[in-house]
Amino acid sequence: MNRLLEAHKRDSQAYGALTSLPTFGFHRFIRLHPDDEKRHRESFERYKDIPQFFYPAAMEFDIESYHTEIQLLKERLPDLVDHRVVLHLYLRKLTELEKRAELIYAVQQKNDAGVTRLSVDLYGEQTSRATDYAREFAEMLEGRSVFHEHSRPIDATRFKKMVEVLFLHYGITTWDVYLHSGSSLRVKRGRGRGRILVPKQLQISRARAARLLTHEIEVHVLRALAGEQSPLHLLSRGLDQYLITEEGLAVWAQMQMHDAKPNHAPGFWDAWACALANEGNFLHVYHTLREARRSIHEKLRRPDADERAKDAAWRLCMRVYRGIHHPHHARLGYQRDHLYRTGLKQIEDYLDGAENQMAALRKLYVGKIGIEHIDLINELGIAPSITSEFISRDVVESFF
């Protein structure tokens with residue numbers, strides 16, 4: 001970023017203080033070590049016993065020291081910020097960081113109910129129930145287009161070039177794209193530069209490529225870039241609870257790549273897993289999802305239907321039970337992954353209520369904000385410097 005521009009940010013001092021807070025591996029603390037996960041899965045599939053999880057990495061976190069640092073910064077902030085709205089945004093961000101720290105403390109204390117409650121505080125309530133998703137699955141299973149087997153002409157090298165074309169079109173110079181040995185596409189942001197990591201074994205259809213480019217580049221990267229170009233550092237990092245708008249917008253945007261509105265929005269399986277965990281225990285979640293996935297693979301006449309189903313169900317359980325020690329109890333879970341569906345509904349309601357949808361959409365491209373922050377951003381007089389043109393499908397087709 002231009003050093004002169006960076007020096008003239010309204011929140012330079014506050015942001016410097018924020019970034020000086022001790023960092024902690026939030027996501028690492030709530031995930032099983034890969035070796036432990038493998039051992040738990042082997043034991044579960046052999047003996048059918050509900051696993052009991054442990055998170056030794058979380059014990060590294062010093063909650064008391066972190067809270068002390070947060071309180072000291074809260075006291076200093078009025079001297080570092082000269083606008084009441086900016087001060088308000090920073091205080092809200094610090095409150096969110098406190099909740100994240102409290103969640104890790106709950107993991108340390110094996111307080112599964114606390115982990116569940118704090119994840120809801122961080123990511124919001126899911127409005128749909130498991131029965132709603134079961135009904136949607138029944139409709140999905142009856143359909144045909146959902147199970148169409150697409151050809152896969154796009155490999156990692158070609159997809160990387162498509163990302164680079166989008167970077168060139170939008171003038172994105174602070175992000176790079178690399179091939180990597182992982183199994184999934186990753187978006188990583190550090191100080192100064194961002195990275196798109198494309199798995200070397202990628203093989204996807206044209207439609208999937210367009211949706212992925214839109215989701216990751218034309219929403220996640222562009223909103224981060226807009227934040228970098230804004231008068232506030234905090235807009236590139238993300239305001240408190242911006243994530244539900246972030247993921248909802250990304251899902252909405254990728255749905256625009258369809259010729260017609262699809263019958264079933266993305267994020268279905270993750271949201272269903274969260275809803276199931278709200279009502280039952282690990283076995284209930286696992287077996288419900290396993291049977292559902294097996295039904296799909298059997299409809300596709302795949303000979304390894306059950307193995308695929310077991311793998312998918314296990315992976316979904318590993319996401320919804322992050323940070324949970326005793327998943328044999330019902331109504332416990334890390335309630336994050338409903339964000340895609342819940343956020344999509346919020347975006348649809350927001351756009352449906354707007355007089356000018358394009359103007360309303362543009363307001364979300366001032367940086368990593370939530371819908372609830374728009375009035376505060378307007379009060380600060382911050383306008384978006386960039387917006388998405390949703391050209392990913394055109395980019396994909398230009399390669400053929």
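**Exercise 1.** In what order do the three strands of the open sheet stand, and what is their pairing?

*Solution.* The model is predicted. Start with the order: S2-S4-S3. The pairing is mixed. Now look at the edges. Strand S2 (175-180) and strand S3 (186-189) each have a single partner strand, so one side of each is left without a neighbour in the sheet. Neighbouring strands are turned by 20° against each other on average, direction ignored.

**Exercise 2.** Find the sense in which S2 and S4 pair, and the helices that meet this sheet.

*Solution.* S2 and S4 (residues 194-199) pair in the parallel sense, over six bridges. Within this part of the sheet, Val-177 stands opposite Ile-196 in S4. Next, helix H9 (residues 156-170) packs on the sheet and touches S2 and S4. The direction of H9 makes about 175° with that of S2. Then turn to H10. Helix H10 lies across S2, S3 and S4 and runs at about 140° to S2.

**Exercise 3.** Locate Glu-218 and decide: is Glu-218 buried or exposed?

*Solution.* Glu-218 is found in helix H10 (residues 206-229). Second, the setting. Glu-218 is buried. Third, look for a charged partner. A salt bridge needs the atoms within 4 Å. The side chains of Glu-218 and Tyr-170 are joined by a polar contact of 2.5 Å. Finally, survey the surroundings. Beyond its neighbours within four places in sequence, Glu-218 is in contact with several residues, including Leu-166, Tyr-365 and Phe-390.

Definitions and conventions. Residues are numbered from 1 along each chain as its sequence is written. This is a predicted model: local features need pLDDT of at least 70, side-chain atom pairs count only at pLDDT 80 or more; totals for chains, interfaces and linings use all residues. Side-chain values use heavy atoms; hydrogens and water are left out. Helices (H or I, at least four residues) and strands (E, at least two) are DSSP runs, numbered from the N terminus. Buried means under 20% relative accessible area, exposed over 50%, partly exposed in between (1.4 Å probe, protein chains only). Lys and Arg count as positive and Asp and Glu as negative; His and the chain ends are not counted. A salt bridge is a side-chain nitrogen of Lys or Arg within 4 Å of a carboxyl oxygen of Asp or Glu. A polar contact is a pair of N or O atoms within 3.5 Å; within protein, one must be able to donate a hydrogen and the other to accept it, and residues adjacent in sequence count only if both atoms are side-chain atoms. Contact means heavy atoms within 4.5 Å. Two strands pair if DSSP finds at least two bridges between them. Axes are lines fitted to C-alpha atoms, for helices over the stretch in contact, and angles run from 0 to 180 degrees between N-to-C directions.
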